[in-house]
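User: I am new to reading protein models and would like to know how the labels are decided. Please take me through some of them.

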Amino acid sequence: MFSKSLRSSLSTRTTANGLSPLNKQWRFQSTTTATATPETTTEEVPTKQHTYRPRRNMLAANLRETVNKDFTEFSPLFEEVHRSFQKASAKDIENSFSNMISLGHLLLNKIDAIQETSGSQVTKSILYKEIINSLIDNKLIHASHFQKYLDVLINEKKYTQALTLWIENASYFKNTEAAFKDKKLSVNEARSNLKIYGLLLYLLSLIENKEKKIDPEFIKLIFGESTPATTGALERLARKFDQEEIRTAVSLYQAYKSENFDINSAESLKGIRIASTSGKLVYLEKTVSNNLAAYKGKEKLIKPSTLSHYMTYLNKSKLYSRAIELWKFALQHKIDIGTDGWNQALLAFSKIETSSTSKQVESFWEVLKKTVIPNSESYGIYIEYLFKTKRPEAAKDLISKLKKESPKLFDTTLKSALVEYLLISKHIDEAYNLFRLYEKDAEFKPTTIIYNKLLGSLVSGKKYEEATALMEDFVSNKHKNIRPDIATWVTIIDLTLKTSRELQLSEDEIMGKIFGLVKTMELNNIKLNNVALIGVATNLLKSDNTYNLGVSMLSKLEEAGIKLTSVSYSAIITSFTNRGDVEKALRYYRKAEKNGVLTNSIFYNSIFKGYSKTSEINKAKEFYQEIKSKWAKSNDNRLIPNKYTFYFMLMQGIYNQDTAFIQFVLNELGEFTEQYEDFSLGSELPKILASLQSKGYEIPESLKLHLK
């Protein structure tokens, strides 16, 4: 069997010295792992003063000279490259890794340039192989070189050859961390990418050899101890290619994943958690539906803890109706979800805003008490609901009853509820004193939520001394389980701003205080929530009073090396365009592009919205042409514009009464709707088109249909 022979090949590739057969025959042997080092090495010069001088790395220098030369044929290029490696010392080879990352790509680009100018018909993989083999033989291959070569082999449909190469070098990449150092990706992300290449190549090789049965053991060998790739990750890689076999490979893996899907597995549960915490709500709902559908007819195999887990993260994502549907699903299929599941259903009912919410919650609470034994979380949810519906006295009576009749249930949740009752009742001093009293109990583990409520009440009540003391406890990591979220940082910065104004501190001094707190938290091993910090900076941009502070904070965060997420970039760009600061919005748009973020219509529509109330017609037009060029070259539908793109452009033209620009946008929209027949104009664009038609503008034929 093809899979069996490949699996045997992969499992036996590691030799006694841990190298693949291809890597054993180096021109220059070295017992150490290649690591990224400067181009120069330091050697002692025998002088009286024992001074040191840098020695030039001849391998890197010679190859750099080579890439700067003009070649019209391949042979002279390859001869110079081979000669450079043959003449190089073992020391130079060992210290060339970091330089070789860029040099390797320059050499491959040189091949592309010669082939383009000469019109050579030699297969690109044969040409690339000359450079790739030199890098492999001398243990200087970087994952980016390797993947570029694999891309060529895939495009030439040499799937088994590519997989064989991947297998031969698997051991090298496993043991060489420097081969994954990348400006855009972490080492783990880069390793994961290469494994996904291995998966794709394996699937393509199966198809090439007319096999359709995936060997689970081979999948394990590719991914080792890490979790196998999701179908989504494979699809993202597959978008780079356009062969029919690629689509077949993805379908083959989807069928395999479906057949071997375990709804109760750690991988499945992790997927739900990640979808929820990253805000991918549509994906979360779709995944929940698909996972349950995969167990149709075998619902009894779904563990109660799995359904509780699903309900928990649906509630965290505010998909309360969906959580209630899962509770009904459990009842329908007689799955005993226990107190945890019932608590999540209670939480969902208490959060839904309808005219009958109060009646539903009260009825559900009575049913819950009859079905399962309520725990402190049950009472905590119900008491929070009583606070929410402005029945603090009922909450207080229930707390007092529990404290008297069920002291074991009177834990952190209910103690926090009592503190919250005092805050709602405007007894801020009493709430603060009670919180301090509870703190003396080692069993008391306050949550970030109650901490935020107490700190916020102290700040709004102008009790800055108590608020500062509470904040200092937080900063010093007194409560190990509390982690700052956006609400925490908003309150901390609000406190810092108010106390700073009293001291008449400058903006730089205020930022110094804020980042001094950040530094102290780091020293006290508090894991900072970078998303929260970015969210706070974005919030500061929204107010005239704190706009400059927001800009300054963003700069500081970037200086600190904090990586912005796609969501962060989008929020920042939107904040700037909402204020009409298109220049700064574009700056972050470019940064997002540079850092590998997919700048789809959500991103660039924010830029067009920013332009819509400016006179920068030429800049908007240039930006549009850039976007148009990008989506024309890509097969990714996420880059395609939507109704808002053309809406904001038309609004800019109308705002500036620029008839030429308006007609340009109409023509572009007409061309686009002709190309994409299912393109939606929404409700506003047809009204604008009708108005423009009445004013004498020429409406393209493809748009006239929408007017009718």
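Analyst: What follows is a set of questions about labels used for this predicted model.

User: Why are helix α3 and helix α6 called roughly parallel?

Analyst: Helix α3 covers residues 58-67 and helix α6 covers residues 97-118, and the two pack at an angle of about 25°. Angles under 35 degrees count as roughly parallel, so α3 is roughly parallel to α6. Their axes are 10 Å apart, and α3 passes α6 in a left-handed crossing.

User: Which residues of α3 and α6 meet?

Analyst: From α3 they are Leu59, Ala60, Leu63, Arg64, Thr66 and Val67. From α6 they are Asn99, Met100, Leu103, Leu106, Leu107 and Lys110. Sorted by class, this contact has eight nonpolar, two polar and two charged residues. Arg and Lys count as charged, so Arg64 of α3 and Lys110 of α6 belong to that class.

User: Why are α15 and α16 called roughly antiparallel?

Analyst: Helix α15 (residues 266-277) packs against helix α16 (residues 281-294) at an angle of about 155°. The label applies to angles over 145 degrees, and therefore α15 and α16 are roughly antiparallel to each other. The axes of α15 and α16 lie 9 Å apart, and the crossing of α15 past α16 is left-handed.

User: What makes up the contact of α15 with α16?

Analyst: On the α15 side it is Ser268, Ile272, Ala275 and Ser276. On the α16 side it is Tyr283, Leu284, Thr287, Val288 and Asn291. By class there are five nonpolar, four polar and no charged residues. Tyr counts as nonpolar, so Tyr283 goes with that class.

User: What makes Trp327 and Phe364 an edge-to-face pair?

Analyst: Two values decide this. The ring centres are 5.1 Å apart, and rings pair if their centres lie within 6.5 Å. The planes stand at 70°, and planes over 60 degrees apart count as edge-to-face. The pair is therefore edge-to-face. Trp327 is in helix α18 (residues 320-332) and Phe364 is in helix α20 (residues 357-371). The structure holds 28 aromatic pairs.

Methods. Residues are numbered from 1 along each chain as its sequence is written. This is a predicted model: local features need pLDDT of at least 70, side-chain atom pairs count only at pLDDT 80 or more; totals for chains, interfaces and linings use all residues. Side-chain values use heavy atoms; hydrogens and water are left out. Axes are lines fitted to C-alpha atoms, for helices over the stretch in contact, and angles run from 0 to 180 degrees between N-to-C directions. Helices (H or I, at least four residues) and strands (E, at least two) are DSSP runs, numbered from the N terminus. Angles under 35 degrees count as roughly parallel, over 145 as roughly antiparallel, 65 to 115 as roughly perpendicular and the rest as oblique. A crossing is left-handed if the near helix is turned anticlockwise from the far one by less than a right angle, and right-handed if clockwise. Contact means heavy atoms within 4.5 Å. Rings of Phe, Tyr and Trp (its six-membered ring) pair if their centres lie within 6.5 Å; planes under 30 degrees apart count as stacked, over 60 as edge-to-face and the rest as tilted.
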